[in-house]
Amino acid sequence: MRSLFIVLGIITAVLALILAVTPLSQIAYIPAVAALIFGFVAFYISKRTQMPRKTVQLIFILTIISLVLTIYKSIFNTAEVGNMEELELKKEASMEDSKEILEGLEIDEMDLDSSESDALEIEELPDLEDLEEQ
Amino acid sequence: MKHILLVSIFIYGAMVLGQNNTIAVGEKLTFTAAYNMSGLMTEIAQVTMETGQVKTSNATLLHLKCTAATYTKWDGFFKIRDLYESYVSPTSLTPYLYKRDINEGNYYKFMQYTFSHKTNSVKSLMRKKNSKGETIDKTTSVKINAGTKDIVTTIYHIRNLDIHKATPGEVQNFKVIFDNEEMVISVKYVSKETINTAIGKKECYKLALSLKNKDILKGGTNDNLLYLTADANKIPVYAKFKIPVGNGELKIKSATGLKN
């Protein structure tokens, strides 16, 4: 029985440690808590039967390291987006390419700029004024 | 004369109804995307939704941009750099050009749709990389129904709906073209709900999304939800989804350049 809890404790403690160093550190809490439970049970049995407790101590050490690492990561590691240069360059290139494509597309009359016709009207006005002055 | 008057009223009505009162040029919404890993919601990527303006020689269009990028800690495992773009009418949000550039790990895919609303068709360009790393282009013409939009425009179009006029339980369908296939997205107005977000406590319209005859969005009516703020901006503050490979959520981080 003691050996079973020690084996389970070591497996879960190692798993917690592995998960703690990966980006999945949040999940490390689950095997870490399980390792602590198995460790305490193994410790209790070892104490009662007066058996060596060295392996149980190893479970606790591994679990504590994984928990410290996980807690540290959850407090100090902020979620940041990495290198976005590539995406920014892609955005710019895509926009230039899109402009060319859009030039060749049929745009609904409703969306066409009326600025061109306005500009023409503005240009015509001074001429009319000139004529009136003359 | 009577007919002309009727037609004029109809056109005016359509223009007023199809007006964009929600989306402003220069709007930027930032989200955090989380994925359920062994029961724990793990933040994996940042999603942004931006709007801009693009001027061509004869028109000014609205440029809708959506990007998805994994956080630094995930880049070593599975790097995602996705770009979704749509060029739409600034008033009616009718799409003219759609681009989708996907970079996920070693997977690359590019899709481009040029919409022809007169012929109700889409000219599609698909670019993929083969095992040797060479790019292969494939162009096809896809027939679409009137009013079919791309996925990016549909999201913005949902925001532009007059949800305040809807009654709980009301369903509206939207035709969307995705991967050269036309599909129907059903949007059901569930109720109003107040939720806590990074931009404050907001009263929201709770919408349930589902795809007709498709298995992409799994689960019942409570698995694929979209929360839009119950104000004039209708900001998507929270979304949760269930797909065949798991479930996740999107939470708003910041919202700038809003119209109202």
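**Close-up 1. Surroundings of N120(B) in the predicted model**. With 14 C-beta neighbours inside 10 Å, N120(B) is classed as partly exposed, because this count falls between the limits of 12 or fewer for exposed and 20 or more for buried residues. N120(B) belongs to the loop that links strand 6 (107-116) to strand 7 (121-129) of chain B. Although N120(B) is not a glycine, its phi is positive, at about 50°.

**Close-up 2. Backbone and burial of L93(B)**. The loop between strand 4 (81-88) and strand 5 (95-104) of chain B contains L93(B). This residue, which is other than glycine, has a positive phi near 55°. L93(B) is buried because 22 other C-beta atoms lie within 10 Å, and a residue counts as buried at 20 or more.

**Close-up 3. The largest nonpolar core**. This core comprises 54 residues, among which A45(B), Y96(B) and Y227(B) touch the most other members. Strand 3 (residues 60-70) of chain B supplies the largest share of the core, 6 residues. A second core of 16 residues is separate and includes L19(A), I27(A), A35(A) and A42(A).

**Close-up 4. Contacts of Y96(B) with chains A and B**. When residues up to four places away in sequence are not counted, Y96(B) touches L102(A), L105(A) and I107(A) in chain A. Within chain B, the residues that Y96(B) touches under this condition are L61(B), Y87(B), V88(B) and F115(B). Y96(B) is also one of the residues that touch the most other members of the largest nonpolar core.

Notes. Residues numbered from 1 in each chain as written. Chains lettered and ligands numbered in written order. Predicted model: local features only at pLDDT ≥ 70, side-chain atom pairs only at ≥ 80, totals over all residues. Helix = DSSP H or I, 4+ residues; strand = E, 2+ residues; numbered from the N terminus. Core = buried A, V, L, I, M, F, W, Y, C linked by C-beta atoms within 7 Å. Contact = placed C-beta atoms within 7 Å.
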